[in-house]
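Welcome! Grab a pencil and look over the structure below before you try the exercises.

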Amino acid sequence: MPKKANPVLKDHSQLCLQYLRCCGGSARLCTINFSLGVIQTLVNRNLVKVTNTGAGFFVELDEAK
């Protein structure tokens with residue numbers, strides 16, 4: 001039997017994308033109140049990227065989309 005996608009993760013991933021858009025496209029990873037599973041889902045779908053600036057990790061919307 002195929003696995004069913006978790007609808008909560010989909011809803012939260014859309015909220016996370018909306019949050020990042022409101023923050024100007026990026027936010028510090030430590031200030032985001034979404035689970036790492038939601039962030040990982042967005043990274044796997046190539047919608048966001050995580051970068052290390054030397055002063056911390058930032059989650060940014062992927063500019064290619």
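Predicted model: local features only at pLDDT ≥ 70, side-chain atom pairs only at ≥ 80, totals over all residues.

**Exercise 1.** Work out the order of the strands in the open sheet, and find which strands stand at the edges.

*Solution.* 
- Step 1: The sheet is open and has three strands, in the order E1-E3-E2.
- Step 2: The pairing is antiparallel; for E1 and strand E3 (residues 57-61), this pairing runs over three bridges.
- Step 3: Strand E1 (26-28) and strand E2 (48-52) each have a single partner strand, so they stand at the edges, and one side of each lacks a neighbour in the sheet.
- Step 4: From one strand to the next, the twist averages 25 degrees.

**Exercise 2.** Decide how many disulfides the structure holds, and whether cysteine 22 is buried or exposed.

*Solution.* 
- Step 1: A disulfide needs two cysteine sulfur atoms within 2.5 Å.
- Step 2: For cysteine 22, the nearest cysteine sulfur belongs to cysteine 23 and is 6.8 Å away. Cysteine 22 is therefore in no disulfide.
- Step 3: Cysteine 23 is in no disulfide either, and the structure holds zero disulfides.
- Step 4: Cysteine 22 has a relative accessible area of 66%, so it is exposed. Cysteine 23, at 36%, is partly exposed.

How values were computed. Residues numbered from 1 in each chain as written. Heavy atoms only, no water. Pairing = 2+ DSSP bridges. Helix = DSSP H or I, 4+ residues; strand = E, 2+ residues; numbered from the N terminus. Axes fitted to C-alpha atoms, helices over the stretch in contact; angles between N-to-C directions. Buried < 20%, exposed > 50% of the residue type's maximum accessible area, 1.4 Å probe, protein only.
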